[in-house]
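Please look over the sequence and the structure below, and then follow the paragraphs that come after them from one site to the next.

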Amino acid sequence: QVQLVESGGGLVQPGGSLRLSCAASGAMAGISSMGWYRQAPGKQRELVATITSVGSRNYADFVKDRFTISRDNANNTVYLQMSSLEPEDTAVYYCKVDVYTGRWWTYWGQGTQVTVSS
């Protein structure tokens with residue numbers, strides 16, 4: 001069984017920064033893509049950013065160079081550094097990890113709330 005534990009969400013003022021973390025643990029033979037998605041109230045879940053095992057990154061257009069995704073392969077952890085946060089970034093942020101345990105599985109974190117408000 002693979003578990004994802006997210007941390008780093010919270011309340012921040014507009015223009016502020018937050019760093020999200022997501023650590024994967026359990027019986028894993030390998031991890032390929034790791035990423036972050038978000039879901040605001042009344043909206044569908046959307047891609048924020050992804051990163052492959054070799055470090056190739058993909059960002060949603062709304063990120064606009066404000067967010068940076070990174071990963072620590074030794075510790076099976078993915079990060080999302082968010083800066084210049086806007087109220088529109090308020091959402092529950094979920095990490096998503098593709099894991100090989102004899103076959104490929106996709107796992108989701110439990111979600112962490114990010115609220116941008118003054």
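**Rings, charges and buried positions**

In this predicted model, Arg-19 lies over the face of Tyr-79, at 4.0 Å from the ring centre. Another arginine, Arg-45, has its charged end over the ring of Tyr-94, 3.7 Å from the centre of that ring.

Tyr-37 counts as buried because its relative accessible area is 17%, under the 20% limit, whereas Trp-108, at 36% relative accessibility, is partly exposed.

Strand β8 (residues 77–82) contains Val-78, which is buried, with a relative accessibility of 0%. Beyond the residues up to four places away in sequence, Val-78 touches a set of residues that includes Cys-22, Trp-36, Ile-51, Ile-69 and Cys-95. Ser-21 is also among its contacts, and the C-alpha atoms of Val-78 and Ser-21 are 5.9 Å apart although 57 residues separate the two in sequence.

Finally, consider a charged residue in a loop. Arg-66 is found between β6 (57–59) and β7 (67–72), and is buried, with a relative accessible area of 10%. Its side chain makes a polar contact of 2.7 Å with the side chain of Asp-89, and the residues that Arg-66 touches, not counting those up to four places away in sequence, include Gln-81, Met-82, Leu-85 and Glu-86.

Definitions and conventions. Residues numbered from 1 in each chain as written. Predicted model: local features only at pLDDT ≥ 70, side-chain atom pairs only at ≥ 80, totals over all residues. Heavy atoms only, no water. Helix = DSSP H or I, 4+ residues; strand = E, 2+ residues; numbered from the N terminus. Buried < 20%, exposed > 50% of the residue type's maximum accessible area, 1.4 Å probe, protein only. Polar contact = N/O pair within 3.5 Å; in protein donor to acceptor, adjacent residues only side chain to side chain. Contact = heavy atoms within 4.5 Å. Lys NZ or Arg CZ within 6 Å of the ring centre and 35° of its normal.
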